[in-house]
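Here is a report on one protein model, written to be read beside its coordinates.

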Amino acid sequence: MLPPDPLPSAGDLLAWYDRHRRALPWREAARDPYRIWLSEVMLQQTTVAAVAPRWRRFLARFPTVAALAAAPWEAVAEEWAGLGYYARARNLHACAQAVVARGGFPDTVEGLRALPGIGAYTAAAVAAIAFDRPVVPLDGNVERVTARVAAVEEALPGARPRLAALAQGWMAQAPARERPADFVQALFDLGATICVPRSPACVLCPWQAGCAGRISGIAPLLPRKAPKPARPLKRGVHFLLSDSAGRLLLRRRPPSGLLGGMLGIPGTPWREEGWSTEEAMAHAPLASANWRALPGEAKHGFTHFELRMALLAATLPPGAAVEGEWLAPAAAAQALPGAMQRLLALAEAAGAVASDTA
């Protein structure tokens with residue numbers, strides 16, 4: 001028999017959170033909207049374990065929103081390298097500048113949504129955690145917890161509006177409404193540590209008695225997800241040019257599009273059809289160099305497509321000049337985004353660059 005109320009007690013979850021909350025760096029200080037916003041942006045499509053040290057490093061370099069706003073884009077891009085989803089870094093920089101221009105962060109969901117690059121989830125998360133607004137942001141953890149406790153069998157993404165409405169219903173309960181920041185973070189922690197995607201630890205859950213999914217025996221199967229279409233495959237050819245000192249030629253990519261504004265190894269655009277040698281060489285940084293194809297290919301997965309990249313290597317001929325930035329392999333490995341780091345790994349395996357790029 002299912003419980004009459006689809007949502008269990010917010011007070012029970014808060015009592016559990018007070019005992020078991022995760023120690024996360026962005027929870028250490030007072031509720032600084034800059035630090036909370038930065039953590040939320042970094043955590044999109046990235047794990048807490050990967051974000052925590054990078055969040056600290058980013059703050060050490062840009063300790064305030066004003067410092068981030070005043071920084072040149074190249075410095076922001078360099079600090080973001082390796083975190084992926086690089087449009088986030090462009091939006092982060094633009095948003096910081098907008099916040100400084102208006103004199104600080106707005107404290108409402110609507111005001112936050114008006115800032116560049118802040119969507120519905122981030123606006124709700126910052127509003128709740130930094131400003132105690134009674135709103136529940138819908139991330140993967142909250143979707144999963146809500147789908148299970150309410151036994152919502154409709155598949156994602158179609159179920160999201162219903163899950164969002166159900167999750168917001170917790171704010172009708174007095175304990176959640178009195179402690180919105182803690183309640184939202186409690187939901188995050190429950191989904192991250194107990195109500196995990198596979199093999200949820202229901203016996204440890206403060207909501208086990210009121211979870212309709214557990215009572216029905218379907219909790220591990222929720223939320224259901226519609227089948228994803230196969231991602232298309234795209235191909236590219238890149239050119240690794242070294243100078244006599246072993247430095248590598250890098251060029252900054254156009255400001256818009258994938259990896260916009262990031263340093264990259266020069267190459268062709270990425271497209272579904274393959275590249276002939278003649279077509280690819282039109283994109284070489286120095287066509288007259290003695291290019292040699294390296295064995296294998298670099299593989300990288302983006303959200304909407306799979307990428308396969310061939311790599312050619314050459315040494316800069318004496319007296320030749322090429323436009324771009326020259327970095328030692330180790331420095332290049334630090335500055336390049338993940339897709340380009342795959343190319344460096346391919347070059348290292350072929351002996352075309354020093355092994356300290358790893």
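Helices (H or I, at least four residues) and strands (E, at least two) are DSSP runs, numbered from the N terminus. By that count the secondary structure of the protein chain comes to 16 helices and seven strands. This is a predicted model: local features need pLDDT of at least 70, side-chain atom pairs count only at pLDDT 80 or more, and totals for chains, interfaces and linings use all residues. Residues are numbered from 1 along each chain as its sequence is written, and side-chain values use heavy atoms, with hydrogens and water left out.

## The chain as a whole

Taken along the principal axes, the C-alpha atoms of the protein chain fill a box of roughly 80 × 45 × 30 Å. Burial is judged by relative accessible area: buried means under 20%, exposed over 50%, partly exposed in between (1.4 Å probe, protein chains only). Of the 358 residues of the protein chain, 49% count as buried. Contact means heavy atoms within 4.5 Å. Among contacts between residues at least 6 apart in sequence, 70% join residues at least 24 apart.

## Helix 6

Helix 6 covers residues 87-102, which is 16 residues. From its first C-alpha to its last, helix 6 reaches 23 Å, close to the 22 Å expected at 1.5 Å a residue. The expected span is 1.5 Å times one less than the number of residues.

Which residues of helix 6 are buried? They are Arg88, Ala89, Leu92, His93, Cys95, Ala96 and Val99. These residues cover an arc of only 165 degrees around the axis, which puts them on the same side of helix 6. The arc is that of the directions from the helix axis to the C-beta atoms. An α-helix has 3.6 residues a turn, so residues three or four places apart point the same way.

The buried residues of helix 6 pack against helix 2 (33-43), helix 3 (48-61), helix 4 (65-70) and helix 5 (73-80). Alanine 94 also belongs to helix 6. At 31% relative accessibility, alanine 94 counts as partly exposed. Its C-alpha atom is separated by 6.5 Å from that of proline 116, 22 residues apart along the chain. Glycine 103 follows helix 6, and its phi is positive, near 90 degrees.

## Helix 9

How many of the ten residues of helix 9 are buried? Nine of the ten are, so helix 9 is largely enclosed by the rest of the structure. The buried residues are Asn141, Val142, Glu143, Arg144, Val145, Thr146, Ala147, Arg148 and Val149. They pack against helix 10, helix 12 and helix 13.

## Helix 1 against helix 12

Two packed helices are described by the angle between their axes and the distance between the axes. Here, axes are lines fitted to C-alpha atoms, for helices over the stretch in contact, and angles run from 0 to 180 degrees between N-to-C directions. The axes of helix 1 (residues 10-20) and helix 12 (residues 180-193) come within 9 Å and cross at roughly 75 degrees. That makes helix 1 roughly perpendicular to helix 12. Angles of 65 to 115 degrees count as roughly perpendicular, under 35 as roughly parallel, over 145 as roughly antiparallel, and the rest as oblique.

Helix 1 brings Ala10, Leu13, Leu14, Trp16 and Tyr17 to the contact. Helix 12 supplies Asp182, Phe183, Gln185, Ala186, Leu187, Asp189, Leu190 and Thr193. By class, this contact has nine nonpolar, two polar and two charged residues. Ala, Val, Leu, Ile, Met, Phe, Trp, Tyr, Cys and Pro count as nonpolar, Asp, Glu, Lys and Arg as charged, and the others, Gly among them, as polar.

## Backbone details in the loops

| Peptide bond | Omega | Loop holding the proline |
|---|---|---|
| Leucine 156 to proline 157 | near 5 degrees | between helix 9 (140-149) and helix 10 (160-168) |
| Leucine 222 to proline 223 | near -5 degrees | between helix 13 (212-216) and strand 1 (233-242) |

Glutamine 45 is not a glycine, yet its phi is positive, about 65 degrees. Glutamine 45 lies in the loop between helix 2 and helix 3. At 61% relative accessibility, glutamine 45 counts as exposed.

Aspartate 132 is not a glycine either, and has a positive phi of about 55 degrees. Its place is in the loop between helix 8 (120-131) and helix 9. At 34% relative accessibility, aspartate 132 counts as partly exposed.

Alanine 201 sits in the loop between helix 12 and helix 13. At 23% relative accessibility, alanine 201 counts as partly exposed. The C-alpha atoms of alanine 201 and proline 220, 19 residues apart along the chain, are separated by 9.9 Å.
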